[in-house]
Structures are given as structure tokens and as C-alpha cells.
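Thanks for asking me to look this one over.

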Amino acid sequence: MNRKKVIIIGTLFLALVMVVGYALFSDTLTIDGAVTAEGNFELTTMCDDNVAQALGVNAQQEYGSITNSNISCSDKNVSVSATLGYPGSYKYYRVKVTNTGTIPLN
């Protein structure tokens, strides 16, 4: 009988400690502040029409009958145009985009 009393009192004491501990650590935590992120997101484009020379390929063999070939870069805009001589003709253009801003593009 004495052992049962010790177990009951020990269990009640443990429950009391758990309730008090929960009451102490269950406060609401409020964090105030402001976050400011500044940076510059800027892309620079560079265009190249002489891809055949860079690849070491004869332009007539590679492209077929291409006329009025044009590529232009302005800020972030790239415009491409070409008149294809026959079905299956194709033209390569190379566009290099570089990040010149302060925000990394990883």
C-alpha cells in the first residue's frame, strides 16, 4: 500500500512539473523589424552573326541560300531576321547574355 502511494504521488508531481514547464515556455514570441533588400538586376546582350567562321564551316555549305540575314541587340531585346532560300535552309546566330548587375544569377 505504501509503494502505491509513492507511485501515485510521484506521478502527480511529474504531471505538475510538466504543466508548470509548459506554462512557462508557451508564451507568444513576437519579432518586429524591417528587412530591406537592394540590388540591381541588369542583363547585357551581345550578338554575333559570324557563327560559321567561329565553327570553321563554309557558310555556303552550312546555310544554303540565305539572304537578308540580320541580328540586332538593344538592351534586353534581340531581333533576328533572315530570308531562307529553300526548305531545309537554316541560319545560326549567337547571343551572349551577361549579368552586369549586383544581384547574382546562381
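1. Setting aside neighbours within four places in sequence, Ser65 is in contact with Thr83, Leu84, Gly85, Tyr86 and Ser89, where contact means heavy atoms within 4.5 Å. You will find Ser65 in the loop between helix 3 (59-63) and strand 2. Helices (H or I, at least four residues) and strands (E, at least two) are DSSP runs, numbered from the N terminus. Ser65 counts as partly exposed because its relative accessibility is 39%; the classes are buried under 20% relative accessible area, exposed over 50%, and partly exposed in between (1.4 Å probe, protein chains only).

2. Before going further, please keep in mind that this is a predicted model, in which local features need pLDDT of at least 70, side-chain atom pairs count only at pLDDT 80 or more, and totals for chains, interfaces and linings use all residues. Residues are numbered from 1 along each chain as its sequence is written, and side-chain values use heavy atoms, with hydrogens and water left out.

3. Now the chain as a whole. Its secondary structure comes to 3 helices and 4 strands, and from the N terminus on the elements run α-β-α-α-β-β-β. Of the 106 residues, 8% count as buried. The chain exposes about 9,100 Å², with carbon and sulfur atoms supplying 58% of that area (Shrake-Rupley method, 1.4 Å probe; for residues, only the protein chains shown count as cover). Among contacts with a separation of 6 or more, 59% are between residues 24 or more positions apart.

4. The disulfide count is 1, a disulfide being a pair of cysteine sulfur atoms within 2.5 Å. Cys47 and Cys73 form it, and their sulfur atoms are 1.3 Å apart. This pair links distant parts of the chain, with Cys47 in strand 1 and Cys73 in strand 2 (residues 66-74), 26 residues apart. Is the disulfide right-handed or left-handed? It is right-handed, because the torsion about the S-S bond is about 70°. Cys47 is partly exposed at 25% relative accessibility, and Cys73 is partly exposed at 28%.

5. Thr45 also lies in strand 1 (residues 43-48). Its relative accessibility is 16%, so Thr45 counts as buried. Beyond its neighbours within four places in sequence, Thr45 is in contact with residues including Cys73, Lys96 and Val97.

6. Phi of Asn68 is near 55°, a positive value in a residue other than glycine. Asn68 is exposed, with a relative accessible area of 61%.
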